[in-house]
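Reader: Hi! I'm new to this one, could you walk me through it?
Author: Happy to, let's have a look together.
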Amino acid sequence: MKDETKCLHAGYTPKNGEPRVFPIYQSTTYTFETSKQIGDLFDMPTAPMYSRFANPTVDVVEKKIADLEGGVGAMCTSSGQAASLIAILNLCSAGDSFISSASIYGGTLNLFSVTLKKLGIECIFVDPDSSEEEIQKAFRPNTKAVFGETLANPALTVFDIEKFAKVAHKNQVPLIVDNTFATPILCKPFDFGADIVIHSTTKYMDGHALQVGGVIVDSGNFDYTTGKFPDFTEPDESYHGIVYSKVFGRQAYIVKARMQLMRDFGAFPAANSAFLLNLGLETLAVRMKQYCENALAVAKYFQKTDKIESVSYPALPEDKYHALAQKYLPDGTSGVISITVKGGRANAEKFMDGLKLASKEVHVADIRTCVLHPASATHRQLTDEQLIAAGVNPAMIRFSVGLENVEDIIADIEQSLDQI
Ligand SMILES: *Cc1c(COP(=O)(O)O)cnc(C)c1O
């Protein structure tokens, strides 16, 4: 099946007389006929037994996303943050380190640089434009993973997946890619050597601003049996001595994430959230095409006006990341554009406040056009000097183009710029 078809049909094929739409299994638990059947599940959960880590409605969505990414399995989480956390903790323990691109989402940056550090896991940041030799220099004997974002939020750098995968694999560690902005419609990181993909499903996958969620997808391609990952190759005492790599083979990573970490942390989505996410996924392929088409027109408009200092949108031929975008995102680079307004912070705020159609909100990648001024919101604790050091221009606006008619979006921009 092609992506448009998978969006509608993957994950669930109703049998004779079954509902066309997969129902919401609003139940915390599942009943069995014998104590032995329940006991067997505690040795090796193969069917849902408790909705802290498995639920039939969530399962359908997991299968659909795994299919779209081309993976062997997926696990939904209660947020994108929970997906990043579990993806790392499934590989790293206290005393380990991992490498991350420095150009990543602010929430992920906090998690990696502050909270994981308190747990004894060190994140070593590297410039996404580093050479293979520079990336290699960041490796230590205790390095267990490499992390990057296909299209970084909000900097819109394009991550060179093949380059990072090559160095990661040379060091026998997997590459994790946050594919939130690209979605599997615009980029399939597994095709370029990534081993694990995560998403904040809160963004385009849901697309309608209805649920906060995340997902981890396993390619099944990474070999965890080289000796670097004893948690995969030695018995897990909390499951009567199961050895994940032996029992689950190519699905070892994603099964371990559920059986150990989701069981213990419980950051699992509600069935109702998964149902809403599935509605978004049904139209993901058609929506992504239209976001890209609208955003390219808006980015070109921004380029033409004399009140905008600079426009970051990798699909534009003039963009610094255009060549990488052509390789990894040939069909478009999502609906998100970063602009800096001439005249600094004051004019950026004026431009945002003057918009009438675009929603001013802490959100991005929605069906409705929305904007955020990072300097006065997500990065407000920083001075202008600190902002520039962090790569966030005080006059930067993150402009997330929605699915309104593009002429209306541009007219709204025009009337607001006219007021500056
Ligand atoms: C929003 C976002 C996250 C975090 O996701 P939540 O669902 O808000 O927890 C992670 N990565 C990227 C790229 C994001 O845009």
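Author: One term to begin: a polar contact is a pair of N or O atoms within 3.5 Å; within protein, one must be able to donate a hydrogen and the other to accept it, and residues adjacent in sequence count only if both atoms are side-chain atoms. Helices (H or I, at least four residues) and strands (E, at least two) are DSSP runs, numbered from the N terminus. This is a predicted model, where local features need pLDDT of at least 70, side-chain atom pairs count only at pLDDT 80 or more, and totals for chains, interfaces and linings use all residues. Residues are numbered from 1 along each chain as its sequence is written, and side-chain values use heavy atoms, leaving out hydrogens and water.
Reader: Thanks! Which residue caps the N-terminal end of helix 4?
Author: That's Ser79, with a side-chain oxygen 3.4 Å from the backbone nitrogen of Gln81.
Reader: And why is helix 4 largely enclosed?
Author: Because 8 of its 10 residues (helix 4 spans 80–89) are buried, meaning under 20% relative accessible area, with exposed over 50% and partly exposed in between (1.4 Å probe, protein chains only). Among them are Gly80, Ile86 and Leu89.
Reader: New topic: how many salt bridges are there?
Author: The structure has 14, each a side-chain nitrogen of Lys or Arg within 4 Å of a carboxyl oxygen of Asp or Glu. One of these joins Asp384 and Arg345, with the closest N and O atoms 2.7 Å apart. Asp384 is in helix 16 and Arg345 in helix 15, so the pair ties together parts 39 residues apart in sequence.
Reader: What about Asp96, which residue does it pair with?
Author: Lys144, at 3.1 Å between the closest N and O atoms. Asp96 is buried at 11% relative accessible area, and Lys144 is buried at 12%.
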